[in-house]
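User: Hello! I would like to go through the charges and a few backbone angles of this protein with you. Could you show it first?

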Amino acid sequence: MDFNLTEEHIMIRDAARDFAKNELLPGVIERDEKQEFPKEQIKKMGELGFLGMMVSPEYGGGGMDTVAYVLAMEEISKIDASASVVMSVNNSLVCWGLEKFGNEEQKQKYLIKLATGESIGAFCLSEPEAGSDATSQRTTAIEKDDHYLLNGTKNWITNGSIADFYIVIAQTDKEKKHKGINAFIVEKGMEGFEIGPKEQKLGIRGSDTHSLNFNDVKVPKENRIGEDGFGFKFAMKTLSGGRIGIAAQALGIAAGAYELAKEYSKVRKAFGTEIMNHQAIAFKLADMHTSIEAARHLVMKAACDKDNGENYDLSGAMAKLFASKTAMDVTVEAVQVHGGNGYVKEYHVERLMRDAKITQIYEGTSEIQKIVISRSILRD
């Protein structure tokens with residue numbers, strides 16, 4: 001085991017840290033209040049290569065490994081989880097899936113634009129009655145002569161209105177159940193494709209989240225990803241890697257809140273001394289730091305498993321389960337360390353606490369992660 005980062009990894013981490021502090025921190029509170037999408041900041045992230053980090057240079061990406069990606073995700077998430085979820089979806093759910101399972105024509109047409117940040121992607125799996133139960137797809141794609149006719153609704157879609165390309169999971173043959181599901185690339189502007197109202201959310205309020213409606217949308221057959229019936233397997237494999245990105249996001253939210261709490265404890269005084277000198281606060285910080293380090297090791301283990309070609313279903317699920325719980329626990333304690341100021345927006349920790357909750361829900365709830373983990377360990 002080698003716990004040391006390479007020079008390249010350190011360079012990427014530091015670049016992400018500088019970008020977060022210089023470009024994302026200014027205005028982050030206002031964007032949260034107004035539910036304003038960080039359009040200019042995301043554009044710059046694309047120009048810097050943060051939206052296609054793991055894509056081969058052949059298709060405009062950075063050719064980096066998963067470790068580099070999670071390091072950058074952590075730093076961006078410390079400051080603005082609304083920006084990091086755009087980065088996560090574009091990297092983990094859209095670019096990775098297209099490069100891994102798409103054909104050459106699809107890569108040339110879509111992947112290059114996505115990897116360079118010229119275009120933004122969205123991943124459309126969840127529905128009103130198909131969240132954790134992804135097999136219960138009500139969205140249908142009926143095969144016609146040279147196209148599929150797409151009908152249905154998708155819910156809680158990140159990048160819902162700002163994406164250019166959408167990977168949509170739909171049921172083609174109900175009789176075959178999960179083996180009759182396919183994945184399709186849908187372009188914004190296709191006739192019959194409608195974007196619903198923006199969701200009013202507890203956290204990651206700068207993220208662009210919408211429901212999507214498909215009414216007899218004609219999707220060319222060449223836009224199907226993989227063989228007929230591959231859609232469910234595509235979604236599960238893609239989400240398995242996506243969980244590593246969300247684990248890194250949760251880790252970043254926790255680390256950001258901890259750093260704010262630690263610095264606050266050094267300047268805030270109570271009973272004649274800085275509050276860091278009170279055991280009640282010092283012990284909180286000790287617990288926070290320990291949990292964050294444990295989460296970081298789990299995230300790195302999952303990233304290394306992926307980079308080494310190992311099965312990362314178990315390690316990714318454990319990383320997401322533990323890191324998301326850590327994010328909730330640490331942010332709640334960070335608010336507590338700040339006392340009354342923790343409830344005030346200008347100190348940032350209340351926003352991080354609100355942002356933390358979604359990491360226990362999207363890309364597989366904590367309960368789903370426990371199913372994945374228990375099935376894996378009980379097979380042995």
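Analyst: Happy to, beginning with a term: a salt bridge is a side-chain nitrogen of Lys or Arg within 4 Å of a carboxyl oxygen of Asp or Glu. This is a predicted model, where local features need pLDDT of at least 70, side-chain atom pairs count only at pLDDT 80 or more, and totals for chains, interfaces and linings use all residues. Residues are numbered from 1 along each chain as its sequence is written, and side-chain values use heavy atoms, with hydrogens and water left out.

User: Which parts of the chain does the salt bridge between Glu143 and Lys221 tie together?

Analyst: The side chains of Glu143 and Lys221 meet at 2.9 Å, N to O. Helices (H or I, at least four residues) and strands (E, at least two) are DSSP runs, numbered from the N terminus. The two partners are 78 residues apart in sequence, so the pair ties together strand β2 and the loop between β7 (209-220) and β8 (224-225).

User: Are Glu143 and Lys221 buried, partly exposed or exposed?

Analyst: Buried means under 20% relative accessible area, exposed over 50%, and partly exposed in between (1.4 Å probe, protein chains only). Glu143 has 44% relative accessibility, and Lys221 has a relative accessible area of 29%. Therefore Glu143 counts as partly exposed, and Lys221 is also partly exposed.

User: How many salt bridges does the structure hold?

Analyst: Among them is the one that joins Arg138 and Glu129, with the closest N and O atoms 2.9 Å apart; Arg138 and Glu129 are exposed. Another joins Asp14 and Arg13, with the closest N and O atoms 3.2 Å apart. The structure holds 19 salt bridges.

User: Which residues are linked with Lys78 in a network of salt bridges?

Analyst: Lys78 is found in helix α4 (residues 66-79) and counts as buried because its relative accessibility is 11%. Its side chain makes a polar contact of 3.3 Å with the side chain of Glu75. A polar contact is a pair of N or O atoms within 3.5 Å; within protein, one must be able to donate a hydrogen and the other to accept it, and residues adjacent in sequence count only if both atoms are side-chain atoms. The residues linked with Lys78 in the network are Arg17, Glu75 and Glu259.

User: Where does Asp146 lie, and which residues gather with Asp146 in a patch of negative charge?

Analyst: Patches of charge are made of residues with over 30% relative accessible area and no salt bridge, like charges being joined within 9 Å; Asp and Glu count as negative. Asp146 is exposed because its relative accessibility is 53%. Asp146 lies in the loop between β2 (140-143) and β3 (147-158). In the surface patch, Asp146 gathers with Glu105, Asp145 and Glu222.

User: What is phi of Trp156 and of Asn159?

Analyst: Most residues other than glycine have a negative phi. Phi is positive in Trp156, at about 55°, and in Asn159, near 65°.

User: How far apart in space are Ser366 and Ser84?

Analyst: Ser366 lies in helix α11 (residues 366-379) and is buried, with a relative accessible area of 10%. Ser366 and Ser84 are 282 residues apart in sequence. In space, C-alpha to C-alpha, Ser366 and Ser84 are 20 Å apart.

How values were computed: Patches are made of residues with over 30% relative accessible area and no salt bridge: like charges are joined within 9 Å, nonpolar side chains (Val, Leu, Ile, Met, Phe, Trp, Tyr) within 5 Å. Accessible areas come from the Shrake-Rupley method with a 1.4 Å probe; for residues, only the protein chains shown count as cover. The place of a charge is taken as NZ of Lys, CZ of Arg, CG of Asp or CD of Glu.
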